Number of protein chains: 2
Amino acid sequence: MNVVITGGAGFLGQRLAKALIERGTLAGPDGHPRTIDRLTLVDVAAAPPAADARLVSIAGDVADPALLERVIDPETSSVFHLAAIVSGQAEADFDLGMRVNFDATRALLEVCRARGHRPRVVFASSCAVYGGELPPVVPASTALTPQSSYGTQKAMGELLVNDYSRRGFVDGRALRLPTISVRPGKPNAALSSFASGVIREPLNGVESVCPVPAATRVWLLSPATVIDCFLKAHDLDGGALGANRSLILPGFTVSVAEMVAALERVAGPEVAARVRFEPDERVERIVRTWPVALDASRALGLGFPTDTSFDAIIRRYMGDEGVRGS
Amino acid sequence: MNVVITGGAGFLGQRLAKALIERGTLAGPDGHPRTIDRLTLVDVAAAPPAADARLVSIAGDVADPALLERVIDPETSSVFHLAAIVSGQAEADFDLGMRVNFDATRALLEVCRARGHRPRVVFASSCAVYGGELPPVVPASTALTPQSSYGTQKAMGELLVNDYSRRGFVDGRALRLPTISVRPGKPNAALSSFASGVIREPLNGVESVCPVPAATRVWLLSPATVIDCFLKAHDLDGGALGANRSLILPGFTVSVAEMVAALERVAGPEVAARVRFEPDERVERIVRTWPVALDASRALGLGFPTDTSFDAIIRRYMGDEGVRGS
């Protein structure tokens, strides 16, 4: 079977590719494990070359139907759709966000529909679909009233995944991702970038300027656990999801102050002292509309994994990235 | 000021046009009443010619951006977007539904955005945005999990209206319309067509075959009241709606059996006896996912009108259409 990952050169795309190659199988249309023959990574820039013969990297515009038709071939039975413009950039450039976060999702679903064999599609949505006036713990039955263009575009994508699944065009699953931390690399234009920055930069000996107050709480998940969630979501039987293909992934709630305290416990006070708070109204205005605690009981009931300790997440990040923290 | 109605040749479009011409004014950008200089009706087929010099009818494809650019001119400060493919047809022809119910809405919002003066846009959405497992009385805060392509397309349109309003591209209002009854004319491909058919056909001396059981309950509003709601929604200050531009219109709950009983009271047992029940699984399957009672307290608090008596609705229909019922 062939598998496609959009956003395959990105941080999560690369991790997912690695996990799939190591695993070597995914549930086929009948639910039984099938061998992955080819794993195609699509992204704006080609993923770094890989030694594995099953891996193919293609650079191109994920909103281009011709490209999607080429990569989602008749043997493609699974698509992980991770490509996206992050929240800050989608807010700054409305048209680009619509094109990549919505039009590409629609084009991808259309190509899958045209294939006619009902591929499994795992769509990376976001908890930013929620917004506005929210209860302290957000039930899954809460209306989506996103307060960002990113959240709007993801919510529209979810509606499509649900309708395409209901009609039998695809076998879709839309996962509402928490903020993912700790991400390696450089800060990005995601409005949640600080949730990795306050750990990553200090560990690299660099000051981190946090644009939201220390009391700001975040609904969080680690990179390792979110990859496990992607695999779990793919392999579970669509019937277990019923008519509602959208799932809140089981994150946990942590404040920035608690994150910095964990950093101090794991890497010492000198490292933690490198975090400086300098609120930025542009970031704060949207971040404070995001839910900080959600009812993920449906995903937990289906056996999705979660994280519990931010200290453990920092330690795992340090191990993965080979940072000592000094 | 110029005003545009899409779907202007349709039943509600024609009624709205008549009301606007009689009224002669609408709230301008500053909230004060302004004289309507031109009222353009756009539809697939031109509206019947009108004696009033302010009325312009244009036939064309409402999903064609070039047409929209022509009709939504720099003097257009208000757009009523009523054009739609009804639920049954959108279910039968997915691509047509996407094109008219979603793409046209997006194209219309884009033209309004390009105008740069933030026109008021009243979008006719539908209670079909709700679906799946619903509480007995649906609160406005309930998640939209539509179980039809029509409902999905309307829900996506609402998300756009909200985001375009939040960003200041338009001053939008999305109204979740109940089933409208009694509609004159012929049965249409709306899955709710029976809600008018069980009254209209018997009054015309014709048998009506109802595809859902008599116990089926419907969330309903009369044509006259929905037109009042359009005007009310247009003229209220956008600030009164806040960040959430979607509103449940205040319908009322009535069963088909109660509708037929009202018909018997108003027009006699011979007329009511012309209703025959012959359940059609294709219609029932989707109709039973629609909410039958919703919490419209927000609209009622804003002063939106409602109906209370189905007998009165039948009498008004008979008066408007000049049917005696025999």
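User: What makes strand 9 and strand 13 of chain A the edges of their sheet?

Analyst: In this predicted model, the open sheet of chain A has three strands in the order 9-11-13, with mixed pairing; strands here are DSSP runs of E of at least two residues, and helices are runs of H or I of at least four, numbered from the N terminus. Strand 9 (179-180) and strand 13 (252-255) each have a single partner strand, so one side of each is left without a neighbour in the sheet.

User: How do you know that strand 9 and strand 11 of chain A pair, and in which sense?

Analyst: Pairing requires that DSSP finds at least two bridges between the strands. Strand 9 and strand 11 (residues 217-221) of chain A have two bridges, in the parallel sense, and I180(A) stands opposite L221(A) of strand 11.

User: Why are helix 8 and helix 12 of chain A called oblique?

Analyst: Helix 8 (residues 256-267) and helix 12 (residues 310-321) of chain A pack at an angle of about 55 degrees, with their axes 9 Å apart; axes are lines fitted to C-alpha atoms over the stretch in contact, and angles run from 0 to 180 degrees between N-to-C directions. Angles under 35 degrees count as roughly parallel, over 145 as roughly antiparallel, 65 to 115 as roughly perpendicular and the rest as oblique. Helix 8 and helix 12 of chain A are therefore oblique to each other.

User: Which residues make that contact?

Analyst: Helix 8 of chain A contributes E258(A), M259(A), A262(A), L263(A), R265(A) and V266(A), while helix 12 of chain A contributes F310(A), D311(A), I314(A) and R315(A), contact meaning C-beta atoms, placed from the backbone, within 7 Å.

User: How do you know that the two copies are related as by a two-fold rotation axis?

Analyst: Superposition is by least squares on the C-alpha atoms of residues with pLDDT of at least 70 in both copies. Chain B is laid on chain A with an RMSD of 0.0 Å by a turn of 180 degrees and a shift of 0.0 Å along the axis, and the two copies are thus related as by a two-fold rotation axis. In chain B, the C-alpha nearest the axis belongs to A143(B), 1.8 Å from it.

User: What conventions apply to the numbering and to confidence?

Analyst: Residues are numbered from 1 along each chain as its sequence is written, with chains lettered from A and ligands numbered from 1 in the order in which they are written. Local features need pLDDT of at least 70 and side-chain atom pairs count only at pLDDT 80 or more, whereas totals for chains, interfaces and linings use all residues.

Key:
Contact = placed C-beta atoms within 7 Å.
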